[in-house]
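Take the points in order and find each residue as you go.

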Amino acid sequence: SPRRGGCRIAPRSPRPHTEQAIAANRPNFYFSSTEQDSYRGYCQDFGPTDLAGVVSFCLLVRGYTRHKLLADRNLVLYCWEDTELQTNAAFLLGAYLLLVEGFSPDDAAAPFEKIEPSPFKMFRDATNLVSDFDISIKDCLNGLQRAAHAGFFDLETFDAEKFARNDALGLNVMCPKFIAFKGPES
């Protein structure tokens with residue numbers, strides 16, 4: 001694919017500026033997604049985006065890459081200049097490269113690790129305490145790959161409706177013998 005590894009994140013600006021940038025760059029197809037801002041944190045956490053968001057984003061981008069009118073255009077994801085949203089957007093792009101394009105976690109994370117200074121934050125635990133265990137975009141991609149290789153997650157067979165029902169009950173089926181609950185409630 002001519003776009004292999006060519007995903008970019010562009011800062012999203014107020015509408016007139018965005019429309020001017022899009023008009024001036026016809027070789028590029030600019031798109032946005034609500035998936036990077038769909039995560040609802042419990043405390044000070046901000047992501048990563050859940051599996052339903054990963055699947056939705058991957059299918060969206062895969063649809064764009066297969067669209068005949070976009071065959072000769074670069075895809076450019078744009079989002080607000082917000083570190084947390086950009087971190088989730090980078091994770092989603094990495095997940096797409098991993099799950100659809102077949103990149104390794106290292107290769108999928110590499111374009112984002114090269115950006116200096118890094119606009120990305122480390123993901124953290126879901127508490128209001130000082131985080132003592134942070135994870136990177138690459139850590140999340142490694143976990144996603146392990147889940148896929150173990151057969152716990154498959155992009156093509158993921159049941160978003162079942163996931164949403166379980167999520168509404170406060171639980172996630174992590175693998176056939178392990179269910180994780182969101183957390184205790186008073």
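1. Start with the buried side of helix H2. Its buried residues are Gly 53, Val 54, Val 55, Phe 57, Cys 58, Val 61 and Arg 62. Keep in mind as you look that this is a predicted model.

2. So what covers those residues?

3. Now look at H2 as a whole. The helix takes in residues 51-66, which makes 16 residues. From first C-alpha to last, H2 reaches 22 Å, close to the 22 Å you'd expect at 1.5 Å a residue.

4. Next, head for Pro 27, in the loop between helix H1 (15-24) and S2. Is Pro 27 buried or exposed? Its relative accessibility is 51%, and the cut-off for exposed is over 50%, so Pro 27 counts as exposed.

5. Stay with Pro 27 and check its neighbours. Leaving out residues up to four places away in sequence, Pro 27 touches Asp 72, Arg 73 and Asn 74. Pro 27 and Arg 73 are 46 residues apart along the chain, yet their C-alpha atoms are separated by 4.9 Å.

6. Take the contacts in the protein between residues at least 6 apart in sequence: 71% of them join residues at least 24 apart.

7. Here's the overall layout. The protein has six helices and five strands. Reading from the N terminus, the order is β-α-β-α-β-α-α-α-α-β-β.

8. Now for the surface. Of the protein's 186 residues, 35% count as buried. The accessible surface comes to about 11,400 Å², and carbon and sulfur atoms account for 53% of that.

9. Last stop: which residues make a nonpolar surface patch of about 320 Å²? They are Val 173, Ile 179 and Phe 181. Phe 181 lies in strand S5 (residues 178-181). With 62% relative accessibility, Phe 181 counts as exposed.

How values were computed
Residues are numbered from 1 along each chain as its sequence is written. This is a predicted model: local features need pLDDT of at least 70, side-chain atom pairs count only at pLDDT 80 or more; totals for chains, interfaces and linings use all residues. Side-chain values use heavy atoms; hydrogens and water are left out. Helices (H or I, at least four residues) and strands (E, at least two) are DSSP runs, numbered from the N terminus. The expected span of a helix is 1.5 Å times one less than its number of residues. Buried means under 20% relative accessible area, exposed over 50%, partly exposed in between (1.4 Å probe, protein chains only). Contact means heavy atoms within 4.5 Å. Accessible areas come from the Shrake-Rupley method with a 1.4 Å probe; for residues, only the protein chains shown count as cover. Patches are made of residues with over 30% relative accessible area and no salt bridge: like charges are joined within 9 Å, nonpolar side chains (Val, Leu, Ile, Met, Phe, Trp, Tyr) within 5 Å. A salt bridge is a side-chain nitrogen of Lys or Arg within 4 Å of a carboxyl oxygen of Asp or Glu.
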